[in-house]
Amino acid sequence: MAAFRFGFGRLNFHLLKRRSFLLLKLIAFVCSVLLFCEFLIYYLVILRCNWPEVKTPAHGGEQETLEPVLKAMFLADTHLLGELRGHWLDKLRREWQMERAFQTALWLLQPEVVFILGDIFDEGKWSSPQAWADDVKRFQKMFRHPGHVQLKVVVGNHDIGFHYQMNRYRIKRFEKVFNPERLFSWKGINFVMVNSVALEGDGCDICSEAEAELMDISHKLNCSREGQEQRPGQCGEGPQLPASAPVLLQHFPLYRRSDANCSGDDAAPPEEKGIPFKERYDVLSREASQKLLWWLRPRLILSGHTHSGCEVLHGAGVPELSVPSFSWRNRNNPSFIMGSLTPTEYALAKCYLPLEDTVLTTYCAAAGFLVVLMLVHLGLVTSPVLFGYKLLRKFKTV
């Protein structure tokens with residue numbers, strides 16, 4: 001009887017040991033998959049991105065510029081969900097993805113300044129004061145950055161509403177959190193950040209003030225380009241801006257008929273490319289677009305709003321780059337723009353983030369592997385290794 005109990009206890013011990021070992025393997029496997037899909041994949045993908053080199057012709061060849069180079073990141077349309085729209089799980093997932101992508105990019109790429117081109121929030125135009133405060137707190141956590149990195153934000157229609165929804169309260173609320181400056185200069189480079197929602201052209205008070213502010217910026221830029229000698233008594237006695245054509249940053253793209261001529265992996269889907277854009281809704285009006293080109297004479301334009309990538313030329317060859325959405329809720333392949341800029345030159349490169357399909361496929365494959373492993377352990381399915389060994393022996397015997 002004692003021997004029987006000893007044998008039975010020993011059997012239970014081996015069974016418990018076997019199950020514990022299996023449990024440890026399962027936990028290690030699940031943790032490895034989570035570590036890869038939620039952390040490592042961002043490093044592996046963003047590590048492939050490199051800052052573009054700015055080069056200028058010199059003595060018949062190409063030589064790197066000696067001017068200081070500013071490293072800038074441009075992203076758009078983060079659309080942080082609020083309390084009204086979207087499932088809580090969707091909100092949690094998208095915010096985790098954007099936080100990991102942004103923090104990984106900051107750590108690996110070390111930009112000096114980051115620009116977000118509008119639609120920071122998804123429900124800013126509807127948010128109650130408490131909901132707005134909660135959204136801002138989440139944004140500041142997700143897009144936290146070191147003190148030496150500057151974060152500049154352009155307003156979008158989801159932040160303050162379209163023209164018919166926009167009011168001073170929403171604008172002031174936005175500007176209280178994000179610096180309202182329209183003109184930003186660093187390392188001899190001028191950036192003009194436009195409230196494109198206010199460029200309706202109907203003479204409303206907010207619109208008139210926005211245009212007057214842009215005309216004042218235009219005057220300052222002209223003084224920096226032409227100097228006191230060509231504009232005697234018009235430029236004042238204060239310090240002048242750098243004599244550099246500005247980079248124009250805004251949410252709405254300048255007027256274009258559609259995305260029909262856009263190409264690339266992040267362009268609009270083929271069925272959407274030919275759909276005509278509506279002025280003052282999808283893009284700025286022709287009149288507002290022409291005013292910006294006349295007043296500011298930019299050398300480069302970056303915008304958001306469409307959630308898709310596109311490159312177009314305006315006027316006398318001024319390039320505009322539409323920056324795709326940074327959120328996986330809006331596209332399967334989010335990205336951001338890396339810019340190396342000097343007062344006279346610039347170079348841009350696109351950095352893609354992990355594909356949503358890659359992460360989902362990895363999770364599905366891992367789940368399938370776990371199911372097979374459990375079935376093998378329960379004896380419901382023959383081990384693939386054992387099955388292959390038996391099949392090989394049978395083939396050799398034959």
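**Burial, cores and spaces in a predicted model**

Author: Phe74 is found in strand E3, which spans residues 70–75. Helices (H or I, at least four residues) and strands (E, at least two) are DSSP runs, numbered from the N terminus. This is a predicted model in which local features need pLDDT of at least 70 and side-chain atom pairs count only at pLDDT 80 or more, while totals for chains, interfaces and linings use all residues. Residues are numbered from 1 along each chain as its sequence is written, and side-chain values use heavy atoms, with hydrogens and water left out.

Reader: Why is Phe74 called buried?

Author: Buried means under 20% relative accessible area, exposed over 50%, and partly exposed in between, with a 1.4 Å probe and protein chains only. Phe74 has a relative accessible area of 0%, and therefore counts as buried.

Reader: Which residues are in contact with Phe74, beyond its neighbours within four places in sequence?

Author: Contact means heavy atoms within 4.5 Å. Phe74 is in contact with Phe115, Phe191, Leu249, Leu302, Val323, Phe336, Ile337, Gly339 and Leu341, leaving aside those neighbours. Lys350 is 276 residues from Phe74 in sequence, yet their C-alpha atoms are 9.6 Å apart.

Reader: Why is Leu313 called exposed?

Author: Leu313 has 64% relative accessibility, and so counts as exposed under the cut-off of over 50%. Leu313 lies in strand E10 (residues 310–314). Not counting residues up to four places away in sequence, Leu313 touches Val318 and Pro319.

Reader: What makes a set of residues a nonpolar core, and which residues have the most contacts inside the largest one?

Author: A nonpolar core is a set of buried Ala, Val, Leu, Ile, Met, Phe, Trp, Tyr and Cys residues joined through side-chain atoms within 4.5 Å. The largest has 64 residues, and Leu75, Phe143, Leu292, Phe326 and Phe336 have the most contacts inside it. Apart from it lies another core, of 20 residues, among them Phe74, Leu117, Leu249 and Leu300.

Reader: Where does burial occur in helix H8?

Author: In H8 (residues 286–296), the buried residues are Ala288, Ser289, Leu292, Leu293, Trp295 and Leu296. Just after H8, Arg297 takes a positive phi of about 45 degrees. Arg297 is also one of the residues that Leu292 touches.

Reader: What makes a space a cavity or a pocket?

Author: On a 1 Å grid over the protein atoms alone, a cavity is a set of points where a 1.4 Å probe fits but cannot get out, whereas a pocket is an open set with protein on both sides within 12 Å along at least five of seven lines; lining residues have an atom within 4 Å of a point. Grid points are joined across faces, edges and corners, and a volume is the space filled by probe spheres set on the points. By this rule there are four cavities of 30 Å³ or more.

Reader: Which residues lie nearest the centre of the largest cavity?

Author: They are Val153, Val155, Phe174, Glu175 and Arg182, out of 15 lining residues. The volume of the largest cavity is about 120 Å³. Helix H5 gives the most to its lining, with three residues.

Reader: How many residues line the largest pocket?

Author: The largest pocket holds about 420 Å³ of space. Of the 20 residues that line the largest pocket, Glu272, Phe277, Asp282, His305 and Thr306 are the closest to its centre.
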